[in-house]
Structure formats: structure tokens, C-alpha cells
Amino acid sequence: MAAEFKEVSPNATAGEKLGNWFNNRFPTFGEQMRYHVTEYYAPKNFNFWYFFGSLALLVLVIQIVTGIFLVMNYKPDASLAFASVEYIMRDVPWGWLVRYMHSTGASAFFIVVYLHMFKGLIYGSYRKPRELVWLFGCAIFLTLMAEAFMGYLLPWGQMSYWGAQVIVNLFSAIPFIGPDLALLIRGDYVVSDATLNRFFSFHVIAVPLVLLGLVVAHLLALHDVGSNNPDGVEIKGPKAPRDAKGHPLDGIPFHPYYTVHDLLGVSVFLMVFSAIIFFAPEAGGYFLEYNNFIPADPLKTPSHIAPVWYFTPFYSMLRAITTEMMYALIACVVVAGLYGVLKSRLSVVGKGIVAVGAVLLVALMLSIDPKFWGVMVMGGAVVILFFLPWLDASPVRSIRYRPGWHKWVYGAFVVVFLVLGYLGVQPPSPTGERISQLGTLFYFGFFLLMPWWSRAGTFKAVPDRITFAAH
């Protein structure tokens, strides 16, 4: 049945008449705007950690817009790609600015996403009923990594070429299907023009479509269950106080309050972003490596090959898996198996399954090349994030009401992650190898032991309503 047309006063302004005309013909738009923006009630105690979600959306728009303009002049051809980038930088009007916005935006994207994920980690935004919101967010992170990796090859510089060569070759370590999988990804026996065309297609069309779909799903899931807050208190739960209209007393409309609130974060971000673009677009070789200003040469290998900084924590974990490290991992599997058999409350059948599984895993770890397990550890470091909602056994959500020593655990996790990132851009060394191995064990221990340490200690009482001081 067609919707009933609404009339406005003949004395209404031109803007009101235009809005009424549009709403009569597209009422769904107005309904969705009310549901997701003007009448979407968010907790009124958001702090600066909640800037990074909107900033991630802003950077996504920047990347899409600048990417469109770059594609207008870029040539996805191994003999022309590097020259086309130089053409954009030197001859296209404002091409240097668009290119630097895109390259700086890639690093900015990961910075705000890492901070956004850390906010979710410390405030328990992955806990019930927001598990699906977190899963969509982790899928966005994984897709973003694929998008960045494929885009990294496109300038066809030395580090682009050899970085892609090293990473793609890692897939060949997978038993049975590895060599064929690496060949499928490259499209050739080495990184070549076929690889460049494949990566260009995925970077420009396929992966962005998946990324946009996941972002929409992430936002829809968030607005269906409601936003978390620094206190971890539900403002829309059955016990939450509401006014006469049914609106939560601890919430405020997202628009105009948080749209204006986010403008502060956007303003500060754009100032920093612009300063980097105009004064330090290479960021000392971290955002744009100096070797990438040299055309790709398949016959000349750079002295040190490393991925861009946002991949380096996981790259450090990959390099940490040596033959010696495998013995440490085997010892961890044996200890976990013994605990499952001797200390757990599993049935006899369950304990038997644990014992057999541990023996089989140890046998595989002894028989398969450590290089394969390095790839598994690198991938597992991202995949384990998907299981966080079921690993955290804390009786409270927010770190505000957890034992004080929990903050030190989270702080140590951040320090270890940053150290792993730093070691990933450095040439291999015996000292760096040992530190990265300890960091890898801590990283996985943080998550795998979370069911035990997250519920230990004395927890503070969580208030019935959110704590908020007007400012």
C-alpha cells in the first residue's frame, strides 16, 4: 500500500517544502535517519576513546576518494606502474597531494583502527550482547590488512616488489596445497605483471566492496544492540530508567550531540594529518620506505626486506618461530594437555580426546617445517581476536571496575605489541629474535590464559547507572 502523502503549510519555507517533497517520495530515508542518527540514543558518558570509530569512517572516505583520483592516472602494468606514480607526483596537478593523502591515509587508517580496537578491549565492548559487532569489526580489520597488502605492491618499487615476493612465498610453506596456492596468488612463478594486475583488481574493486559491506553490517549491528560505554552499564536494558517517552535517562540523541562532539576529534585529526602530509609524508621511512622510491628490480634484492609498520608486529611473530622456538611451543602444548587430563573437569572421554589431540599436535609440530608454523602463528595472531568474546570470563565489562593489576596486564600487552612492531622493521639479530619470541609467547598467553586471569582478583561494584559529570 502506498504511503499517505503529508502536506505542509502554504506559508512554509522553500526548504521545508523541498524536505516534505523528498520525504513523501522516499520515506525510508527519513525513517532510517531517525533510527540511526537523530533518535539513536547513545550513552552520555562517551570520552575521547569514542572518537576513533568516526575517525575510521572518515579515513575510509578519504581513501576511497583519493583512490578514485589515483586510478585515473595509474597504469597497472609492470613496465609502466612506477613511471605512472612518478607522473602523478610530478606532472598531474595536485597529484602529489592526492598520493600523499592516500599513502598517509593508509597508516592513519591502521592507527585509528588499532586505537578503536583497544577501546573495545579495555571497556569490554565485545561482551554480550555485542559479540557480532566485535566479529564484524575483526572481519573489517582482516579485510583492511588484505586491502593494504595488495595496495602496497601497486607502486612497483623495490620494497613493494620484494615485500610481496616474501609474503606470497610464505604460503608455499603450507603442506600439500602451499605451492599451488602461492602460484594462484601470484598468477606466475614469480611476482610479475600478472600479480600486479590481480592485486590491482582486488585492491580497487573486490576488497573495497567487501570492506564497505562489513562496515555497514558493523554499524547496523551496533545500532541494533546499542553502544557500550566506559562504565559498561546498559542504558537500554530492562532495568534501565527511562523517561515518559521511553527514552533512556542515561542516553542522549546521537545528533546533534555526538555529531558535534566528533567534530572535535575530526578537527584535531585533520590538523595532525595535514601536518604529516605537508611536512613529513614519509614519516622517517615508516609510512613510505625509501627503497620504494627505487623502481622494482627482480635482480637486486634490498639488504633488509620488511613490511609496512602496521604489519610488523605479526611479521615479528612469524620470524620468531625458529627450530628452538618450536621446542618451547611443544612444551606449552604438553603442559596444556597435562592440565586438560589431570586438572580439568572434563569427562573421561573428553580427557581422552584432549590427550590424543595433544599427542597428534606435537607429532605434527615435530614433522612439519617451522616456516609453516610461523605462518600459522602470524595468521593465528589475528584469528584469535575473533574468539575474544568467549575468552574473557571477567564478571564485569569495563576496566574501570576490574582489579588494579589488570591495568598493568593490559599495559604490558600494549608495550609488547609496540616492541614487536619495532623489531619487525629492524634487521634480524639474535637479541631481537629472543625478545620477539618472548613477545609472541606473551601475546598468545594474554588471550589463551584470559579465561583464568580475567576472573582473578577483587572486582569493584558496578553502578546501576552510568557515572557522568557534565562539561
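This passage describes selected local features of a predicted model. Local features were considered at pLDDT of at least 70 and side-chain atom pairs only at pLDDT 80 or more, whereas totals for chains, interfaces and linings use all residues. Residues are numbered from 1 along each chain as its sequence is written, and side-chain values use heavy atoms, with hydrogens and water left out.

Thr 66 is located in helix α3, which spans residues 51-71; helices (H or I, at least four residues) are DSSP runs numbered from the N terminus. With a relative accessible area of 5%, Thr 66 is buried (buried, under 20% relative accessible area; exposed, over 50%; partly exposed, in between; 1.4 Å probe, protein chains only). A polar atom of the Thr 66 side chain lies 2.7 Å from the backbone oxygen of Ile 62. When neighbours within four places in sequence are set aside, Thr 66 is in contact (heavy atoms within 4.5 Å) with Val 98, Met 101 and His 102.

The bond from Lys 128 to Pro 129 has omega near 10 degrees, and Pro 129 is placed in the loop between α5 (95-123) and α6 (131-153). The bond from His 255 to Pro 256 is cis with omega near 15 degrees; Pro 256 belongs to helix α10, residues 254-279.

Positive phi values also occur in residues other than glycine. Trp 156, with phi near 55 degrees, lies in the loop between α6 and α7 (158-170) and is buried at 8% relative accessibility. Ala 283 has a phi of about 50 degrees. This alanine is found in the loop between α10 and α11 (312-320), and Ala 283 is partly exposed at 25% relative accessibility.

How values were computed. Helix = DSSP H or I, 4+ residues; strand = E, 2+ residues; numbered from the N terminus. Polar contact = N/O pair within 3.5 Å; in protein donor to acceptor, adjacent residues only side chain to side chain.
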